[in-house]
Amino acid sequence: MSRPEIVVLDYGSGNLRSAERAVARAGASVTVTADRDAALNADGLVVPGVGAFAACMAGLKSVHGDQIIGRRLAGGRPVLGICVGMQILFSKGIEHGVATEGCDEWPGTVDRLDAPVVPHMGWNTVDVPAGSALFRGIEDARFYFVHSYAARRWELEPDPTGRIAPPLVTWAEHGDRFVAAVENGPLCAAQFHPEKSGDAGAELLRNWLSTLS
């Protein structure tokens, strides 16, 4: 079987090469690029991100990444956000009292964790919903987190017609609960770093790749 073609979107955020290596080890052919056509036409698009929400959004917009993500999702083309690459999918982020608009694929706000120790750094378990494809076989695993901000509420209302399946939201706790991962049709995301999460992270990436065919 041919290896899926994956683009890791290069918009100036760090962690690109470790994401590239991890996705390649999981079984994909990976290109790191900001090229619009390549990003639109790949079997899957990975949007990594480290650092500040505002800086990531500025970098993303500089390569029209927000439009690329929107175009892919409108056509049902898979996207995987990682860490701040997940956070920017929400409506806005608030850092140091300053609000920055996100991609608005999901309603909600990313803000500072309410915890005795911030950042949340290290291994943590997650609360996986039934039917998860991303976490198949690794429901009880631990994953590696490094972040001070998160979406602490899930605000997307269910489809009133019932025709669209509700997203599967995975939670974790550090001080209070926060969104650790989301599976929403072609759009998936993880607050933790699969590329730093050992065997469990590698299996999660393989699970995501298996959904692309």
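**A sheet and its surroundings**

Tutor: Strand β5, residues 90–95, pairs with β6 in the antiparallel sense over four bridges, where two strands pair if DSSP finds at least two bridges between them. Helices (H or I, at least four residues) and strands (E, at least two) are DSSP runs, numbered from the N terminus. The model is predicted, with local features needing pLDDT of at least 70 and side-chain atom pairs counting only at pLDDT 80 or more, while totals for chains, interfaces and linings use all residues. Residues are numbered from 1 along each chain as its sequence is written, and side-chain values use heavy atoms, leaving out hydrogens and water.

Within this pairing, Glu95 has Val98 of β6 as its bridge partner. The loop between β5 and β6 holds His96, whose phi is near 55°, a positive value in a residue other than glycine. Most residues other than glycine have a negative phi. His96 counts as exposed, at 77% relative accessibility (buried means under 20% relative accessible area, exposed over 50%, partly exposed in between, with a 1.4 Å probe and protein chains only).

The two strands belong to an open sheet of four, in the order β6-β5-β7-β10 and with mixed pairing. At the edges stand β6 (98–101) and β10 (149–151), each with a single partner strand, so one side of each has no neighbour in the sheet. From one strand to the next, the twist averages 20°, taking axes as lines fitted to C-alpha atoms, for helices over the stretch in contact, and angles from 0 to 180 degrees between N-to-C directions.

Helix α3, residues 53–62, packs on this sheet and touches β5, β6 and β7 (106–112), its direction making about 30° with that of β6; contact means heavy atoms within 4.5 Å.
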